[in-house]
Amino acid sequence: MKITCINGSPKTRRSASARIADALSAKIGGAAECVVCGAAELDRGEAPAAFRGSDALVFVFPLYVDGIPSHLLRFLDESLHDIAEAASGATVYAVVNNGFFEGRQNAVALEIMRNFAARAGLRWGLGLGVGAGGMIHAAPVGRGPLRNLGKALDALASEILANQTGEDRVCEPNFPRALYKALAHAGWRKSARKNGLKTKSLYAKP
Amino acid sequence: MPNKKSVQLILHDLRPDAAADILPPSSARRLLFAASPPVHRCVGCFGCWTKTPGKCVIGDRGADFVALLSRCGELVVLSRMVFGGLSPDIKAVMDRSIGFILPFFRHAGGETHHAHRFENPPDLRYVFYGEEIADAEKETAKKLAAANSLNLGSGRSAVEFYQTVRDCAEAFA
Ligand SMILES: Cc1cc2nc3c(=O)[nH]c(=O)nc-3n(C[C@H](O)[C@H](O)[C@H](O)COP(=O)(O)O)c2cc1C
């Protein structure tokens, strides 16, 4: 069995999407061949060839303006027929992570992926919306605030291996929402200071 | 300067010849922004929030969109329908425009959203074109417009569908 994970974050290796894709492929482990490909392959137009013979395509990407990052969208749009041809028997899964706490805010992006699968004539598996992507480096996946994420990826890995379909799901960290907000705000102020800006200038109206 | 409420900004992905045919001319009350040829994609750096707040750090014309958005009362997006959402060219402009809002969170209707950088953010009107748009895609598009208007805009949105670029002229009649 061959499973192809596509990391759709423009931040590639430093991204939440990379961590999620790595954790998922570790869980799939020896049970199947699992390749992860990223934005560089998409840009170079090598991706459809890498998809060849896949039983599952797992798109892992950040939520951008309630949708798909433009470069990933462009790839899906322009390579629709090549993808459909290279991975004709594949089931499509998607894992979308977002900055806000609520995992359900990824629902529209998951629908867009479902519509993509329909247009490509591929079978839709299911989607997972991961809230509070900003927490991803707080602990190893499966530990502390990322226990829920670990469980959600365990379930997804077995569903992918069993070639199952299902309802879209969401997952949020084992961490209070109010504290996540406070930490996010502190984080923005800290990066402003690092860039030599006062908190007040973050509110600029250029 | 005309009153902000009365200013319309049209973001579209038409080729120049089609744009000249279909769209009304630009004026003090009507600003046009062509998404094609495509602007550089967002690289996810958040510089528009923490380096040059309110402006994208990438130096092409994609960085000018937020300033236009801050001057209008209505944003009309004319887009080819792609999988129930915006086209890649339009999406590249939208992704480059999160500097329009603040990094700080607010809570609305049990959900987190961003606080507004500018007062009176615009109403959103999405005009999609495409042959044989599926019903599921129409439903997705309505949800997308509603979600986008909660984050970027006033919370008010409208969505229309047309089959061809030519039919879209009706949207501006
Ligand atoms: C251009 C842009 C648009 C974004 N839009 C949203 C959004 O609509 N909703 C949301 O919750 N987070 C949004 N985010 C936040 C990202 O989804 C979040 O930072 C995510 O964890 C990034 O994942 P990555 O590290 O895999 O790239 C946006 C970020 C960027 C750069």
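Me: How many residue pairs are in polar contact between chain A and chain B?
Reply: This is a predicted model, and the pairs counted here have both residues at pLDDT 80 or more. On the side of chain A that touches chain B, the residues divide into 23 nonpolar, 10 polar and 12 charged. Between chain A and chain B, the count of residue pairs in polar contact is 25.

Me: Which element gives the most residues to the side of chain A that touches chain B?
Reply: The elements of chain A that give two or more residues to this side are α2 (39-44), α4 (70-78), α6 (107-120) and α8 (177-194). With eight residues, the element that gives the most is α8(A).

Me: Which strands stand at the edges of the open sheet in chain B, and why is one side of each left without a neighbour?
Reply: The sheet has five strands in the order β2-β1-β3-β6-β7, with parallel pairing, and the twist averages 15° from one strand to the next. Each edge strand has a single partner strand, so one side of each is left without a neighbour in the sheet, and these strands are β2 (30-34) and β7 (157-162) of chain B.

Me: What is the bridge partner of B:His12 in β3(B)?
Reply: Strands β1 (residues 8-12) and β3 (residues 74-80) of chain B run parallel and are joined by five bridges. In β3(B), the residue paired with B:His12 is B:Leu78.

Note on methods: Residues are numbered from 1 along each chain as its sequence is written. Chains are lettered from A and ligands numbered from 1 in the order in which they are written. This is a predicted model: local features need pLDDT of at least 70, side-chain atom pairs count only at pLDDT 80 or more; totals for chains, interfaces and linings use all residues. Side-chain values use heavy atoms; hydrogens and water are left out. A polar contact is a pair of N or O atoms within 3.5 Å; within protein, one must be able to donate a hydrogen and the other to accept it, and residues adjacent in sequence count only if both atoms are side-chain atoms. Helices (H or I, at least four residues) and strands (E, at least two) are DSSP runs, numbered from the N terminus. Ala, Val, Leu, Ile, Met, Phe, Trp, Tyr, Cys and Pro count as nonpolar, Asp, Glu, Lys and Arg as charged, and the others, Gly among them, as polar. Two strands pair if DSSP finds at least two bridges between them. Axes are lines fitted to C-alpha atoms, for helices over the stretch in contact, and angles run from 0 to 180 degrees between N-to-C directions.
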